Amino acid sequence: MRERYVLLGLARARADWFRTVGQWATSAALPAEFVRCVSADEVRARLATGRTFSALLVDAAVPGLDRDLVATAAASGCAVLVVDTVEAHRDWRGLGADAVLAPMFSRDELLEVLAATSRPVSAAGTQVRAATPVLPAHPTGCLVAVTGTGGTGASTVAIALAQGLAAEASPGRRRDVLLADLCRAADLAMLHDARALVPGIQEVVEAHRTGVPEPADVRAQTFEVPVRGYRLLLGLRRARHWVTLRPRALEAALDSLTRLADVVVADIEPDVEGEAETGSVDVEDRHAMSRAALERAGVVVVVGEGSMKGCFALVRVLADLLDHGVAADRLLPVLNRAPRNPRQRAEATTAVATLLEAAAGEAATTLAPPLHLPVRRVDQALRDGVPLPQPLPGTLARAVDAMLDRAAPSTPTSAREPEPVVPGRLGLFPDESRP
């Protein structure tokens, strides 16, 4: 059965190479079917149909060509060939492109690149080329996520943790700590009395959408907080601005941040629902910052209060995170503004354990007991712009460091080895017994 290349094409108006490739395909000078697209959205729509495409030829000047479009094509098993000038300043290979062609390429050059990066498709449309998962480089730093329902003081706990980790460095070495605001309703700018709201997470993500910025450029998007020893990355200026964050660009930005600092403390929201739970891609994109941070977090600090509602809210967040797939040994429950009375602390600990056992089952047995943080003059310290009082920073830093030391490095999902299929296993439900 005859095979040919099935090519998607996207270019700016009156691009010479776009017209030339179409003529080659029409005259059979090129063994290919050339499908012309007018926008990046049409490319995504055609890739979503399930049809097999060999490669995407895209002009570098087309609006919408970014990291997400390249990743969408790669996930469909479609090679990405970018047509750009020699003096281009963008690192297209760093964005995931398979090859870069000069605008005046010849037919033989195109065939050579196609043979090296893609596979032809049979006339029946059989999938010949499988997508090869691209594993991100392992970050050099670690990420600690801090979350909690509104009013529990999760943002102030994140500040205290960042201050404590910066102070608890090894002798003779200062630990580089970055505090990142990844909440939709961002409060860290107000808590730090930031007079300027630019730059922030929006600028960092946008820089990764169409390029790979240098570490110095990413660091320039953060602010120094010398009195507490860490750097600060501001969050969204308006809660509705989450729509500007593209998922792949956000993931690349978080990878850059973890390489930039020894420890990244991310203040996130507890909402983690995605398309699998709600059937909505928009809901998953709305929670993209929290979901991306949880995937990279070595420790997740969950903040609650010792009151009746506070314990219930803490257990609900813990159960949601366990259901989301966060390992129990990575969760650190924290009861903020805890009473001094040991009896009252024991009652709160017992209440959390009892409620969590009913909500999460066996997963609750391996969870660490809640860490109690006493009441301190946190509001006054934030108002005056001074370090948060002890023992809050030190207690949090020591607990998180202990969990990071015990935690085993997680294996990316895409790096798992394939499992062999046992004959007779397919076609049966898990609870269906064989005759």
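Q: How much of the chain is made up of buried residues?
A: Of the 435 residues in the chain, 47% are buried (under 20% relative accessible area with a 1.4 Å probe, protein chains only). This is a predicted model, where local features need pLDDT of at least 70, side-chain atom pairs count only at pLDDT 80 or more, and totals for chains, interfaces and linings use all residues. Residues are numbered from 1 along each chain as its sequence is written, and side-chain values use heavy atoms, leaving out hydrogens and water.

Q: Okay, how many helices and strands are there?
A: The chain has 16 helices and 14 strands, which are DSSP runs numbered from the N terminus (helices are H or I, at least four residues; strands are E, at least two).

Q: Let's pick H2. Which of its residues are buried?
A: In H2, residues 40-47, they are Ala40, Glu42, Val43 and Leu47. Seen down the axis of H2, they fall within an arc of 160° (using directions from the helix axis to the C-beta atoms), so they line one face of the helix.

Q: And what covers them?
A: The cover includes strands S1 (3-10), S2 (32-37) and S3 (55-59), plus helix H3 (67-75).

Q: At what angle do H2 and H3 pack?
A: About 20°, with their axes 10 Å apart. That makes H2 roughly parallel to H3 (angles under 35 degrees count as such).

Q: Which residues meet there?
A: Ala40, Val43, Arg44 and Leu47 of H2 meet Asp68, Leu69, Thr72 and Ala73 of H3, with contact meaning heavy atoms within 4.5 Å.

Definitions and conventions
Buried means under 20% relative accessible area, exposed over 50%, partly exposed in between (1.4 Å probe, protein chains only). Axes are lines fitted to C-alpha atoms, for helices over the stretch in contact, and angles run from 0 to 180 degrees between N-to-C directions. Angles under 35 degrees count as roughly parallel, over 145 as roughly antiparallel, 65 to 115 as roughly perpendicular and the rest as oblique.
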